Amino acid sequence: MKDVSFGQYYPVSSYVHRLDPRLKLLFLIAYIVAIFLASNFYGLAACAGVLVVIVIAARIPFGKVLRAVRGVVFLVIFTAALNILFYNGETVYASWWVFDITKEGLIFSAFLALRLVLLVVCSSLLTYTTTPVSLTDGVESLLTPLKWIKIPVHALALVMSIALRFIPILMDETERIKNAQKARGADFESGNLLKRIKAMVPVLVPLLLSAFRRADELGDAMDARCYTGSGKRTKYKKLRFTWRDLIAFLVGAALIAGVVLMKIYLPAPY
Amino acid sequence: MKAIEFTGVSFRYEEEGPFVIEKLNFSVEEGEFVAVLGHNGSGKSTLARLANGLLVPDEGAISVFGTPLTEKTLFEARRNVGVVFQNPDNQTVATIVEDDVAFGAENVGLKREEIGERIEFALRAVGMEAYRGATVARLSGGQKQRVAIAGVLALKPRAIVLDESTAMLDPRGRREIVDVVTRLNKEEGITVVLITHFMEEALLADRAVVMNRGEIVMQGKPEEIFARQEELVTYNLALPRIGVICNRLRAAGMPVSNTLSAEQLAEEIAKCV
């Protein structure tokens with residue numbers, strides 16, 4: 001579980017933790033829209049500012065937030081590098097063969113990198129501050145309209161929460177199997193990409209088998225606790241929309257309005 | 001009343017395959033604490049799954065608290081007989097302790113307030129009330145299993161079956177679980193069937209049952225069973241060190257009882273000397 005902080009609930013009590021998960025989900029969607037609508041650094045700065053406020057309000061340590069970013073560092077650097085090399089700009093700083101490093105390219109790639117980081121941080125904040133159970137409750141509630149066309153929303157939501165719960169367990173298990181295969185002489189580090197992918201087969205097969213075995217046992221345990229999947233099931237934690245949620249809703253709406261206004265009234269070129 | 005009663009029960013996993021349990025007669029009295037001992041493949045886990053209808057016998061009848069187990073009474077049986085399984089990670093549904101404990105109570109459609117009360121009762125019964133909002137993944141093995149017991153208790157069962165629930169735990173975790181079930185049995189009057197291959201866990205039981213190849217081969221007070229060391233060995237059950245010492249001392253003429261606790265044995269030896 002060393003590197004997977006993405007998707008891990010961080011158990012503290014805070015304003016953000018207590019918000020309605022439906023609101024948080026909708027806010028995330030709106031936030032992502034805002035990030036993509038923002039066409040200059042003012043807009044992104046506003047988004048980043050809001051994020052900092054959320055992190056503080058959620059009492060999440062900044063180190064934890066950085067750890068979520070660590071997972072996508074490679075992707076960010078990779079896209080940034082491509083943009084720096086291939087962006088067609090006017091002010092050329094350096095040039096080599098078909099590649100030009102331009103001022104506009106640097107700015108544009110910084111802009112994209114910031115966008116990506118904000119996206120990841122905001123999504124992981126959702127999972128840091130929302131337990132999988134309330135997250136799936138939120139998804140289930142938001143997808144209620146699908147129930148009218150006979151889609152088993154409840155079962156899907158349960159599947160989702162169980163999947164989230166088993167991620168760290170299966171990660172641990174992968175590591176264990178990998179070590180076990182290494183002890184038997186398996187080599188995961190050398191060779192070309194194809195060879196390395198092939199080397200993963202002796203890890204994936206036992207992992208898959210064990211996942212099926214776990215699923216079987218979990219099914220039995222659920223049956224033993226009277227699970228039927230019928231509609232008679234009740235909920236211990238009911239979702240309620242409170243004044244807290246209203247304030248957060250207003251903040252979110254103001255953010256998006258602000259970004260849209262900036263897009264219209266402020267000069268576009270970053 | 002009999003809490004669980006098997007009459008001539010046979011079961012096999014595959015048609016034409018060998019019977020895992022054959023013509024088994026077995027019963028547990030209400031309020032009794034029974035330990036079922038047996039080597040791997042002795043059929044003891046199958047017994048647990050038959051007792052609450054996860055498996056259906058090929059022959060014979062099972063009844064739970066006087067009601068024959070049929071498709072119609074299945075859910076009544078599952079509410080009355082809770083099963084705790086071996087791997088704590090594979091029986092928790094939720095990430096947070098209280099959500100997991102609530103799962104069973106939600107399934108049977110209880111009201112919100114009542115589920116809250118049940119969670120409180122269940123967590124207090126297993127001594128985990130301080131961990132209500134904790135993440136299950138961060139608990140120790142013994143604590144996880146106690147949460148699993150609480151998840152079963154939230155359905156207010158009259159009997160619980162522990163299917164090798166201590167097998168994956170360290171000695172400390174095992175002791176926690178045995179302490180919890182013993183207390184549930186004595187204080188809450190819940191019938192307990194403890195399936196295990198650790199003989200010392202059977203010590204506190206009212207009755208020990210030894211299974212081998214789907215049959216009950218020995219049965220009686222735990223101390224009586226432990227005295228029959230040679231017989232136990234034929235069923236691939238090794239007596240713990242302390243038990244072996246007890247038997248040897250007695251063979252040498254020292255009047256010690258058949259205990260598996262080192263402290264008690266030390267006291268008894270001190271008295272003799």
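This is a predicted model: local features need pLDDT of at least 70, side-chain atom pairs count only at pLDDT 80 or more; totals for chains, interfaces and linings use all residues.
Residues count from 1 along each chain as its sequence is written, and chains are lettered from A and ligands numbered from 1 in the order in which they are written. Local features need pLDDT of at least 70, side-chain atom pairs count only at pLDDT 80 or more, and totals for chains, interfaces and linings use all residues, while side-chain values use heavy atoms, with hydrogens and water left out.

**View 1. The two domains of chain B.** Chain B splits into domain 1 (2-239) and domain 2 (240-273), with bounds that come from an automatic or database domain assignment. Taken over C-alpha atoms, the domain centres sit 31 Å apart. Domain 1 of chain B puts nine residues into the contact and domain 2 of chain B puts in 10, where contact means heavy atoms within 4.5 Å.

View 2. Two residue pairs are in polar contact here, both at pLDDT 80 or more. (A polar contact is a pair of N or O atoms within 3.5 Å; within protein, one must be able to donate a hydrogen and the other to accept it, and residues adjacent in sequence count only if both atoms are side-chain atoms.) Helix 7 (residues 222-227) of chain B gives the largest share of the domain 1 side, three residues. Helices (H or I, at least four residues) are DSSP runs, numbered from the N terminus. By class, that side has six nonpolar, one polar and two charged residues, with Ala, Val, Leu, Ile, Met, Phe, Trp, Tyr, Cys and Pro counted as nonpolar, Asp, Glu, Lys and Arg as charged, and the others, Gly among them, as polar.

**View 3. The interface of chain B and chain A.** Here 40 residues of chain B and 30 residues of chain A make the contact. The chains bury about 3,200 Å² between them, 53% of it on carbon and sulfur atoms. The rule also finds 16 residue pairs in polar contact across this interface (both at pLDDT 80 or more). On the chain B side, the elements giving two or more residues are helix 2 (74-80), helix 3 (97-107), helix 4 (112-125) and helix 5 (141-153). Helix 3 of chain B provides the largest share, 10 residues. Sorted by class, the chain B side holds 17 nonpolar, 12 polar and 11 charged residues.

**View 4. Salt bridges between the chains.** Side chains of opposite charge can pair when their charged atoms come close. Chain B and chain A share three salt bridges. One of them joins D220(A) to R49(B), the closest N and O atoms being 2.3 Å apart. E106(B) and R233(A) also pair up, at 2.9 Å from N to O. This pair runs from helix 3 of chain B to the loop between helix 11 and helix 12 of chain A. Buried or exposed? Both E106(B) and R233(A) are buried, which means under 20% relative accessible area, with exposed over 50% and partly exposed in between (1.4 Å probe, protein chains only).

**View 5. Salt bridges within each chain.** Over all chains, the structure holds 21 salt bridges. In chain A, D137(A) and K235(A) form one, with their closest N and O atoms 3.5 Å apart. D137(A) lies in helix 7 (residues 132-142) of chain A and K235(A) in the loop between helix 11 (201-224) and helix 12 (243-265), so the pair ties together parts that are 98 residues apart in sequence. D137(A) is buried at 10% relative accessibility, whereas K235(A) is partly exposed at 25%. In chain B, E176(B) and R146(B) meet at 2.7 Å, N to O. E176(B) and R146(B) are both buried. Back in chain A, salt bridges that share partners link D137(A), E140(A), K147(A) and K235(A) into one network.

**View 6. Around K44(B).** K44(B) sits in helix 1 (residues 44-51) of chain B. This lysine is buried, with a relative accessible area of 3%. Leaving aside neighbours within four places in sequence, K44(B) has contacts that include E164(B), H197(B) and M211(B).

Terms used:
Buried area is the accessible area (1.4 Å probe) that two parts lose on being put together, summed over both. A salt bridge is a side-chain nitrogen of Lys or Arg within 4 Å of a carboxyl oxygen of Asp or Glu.
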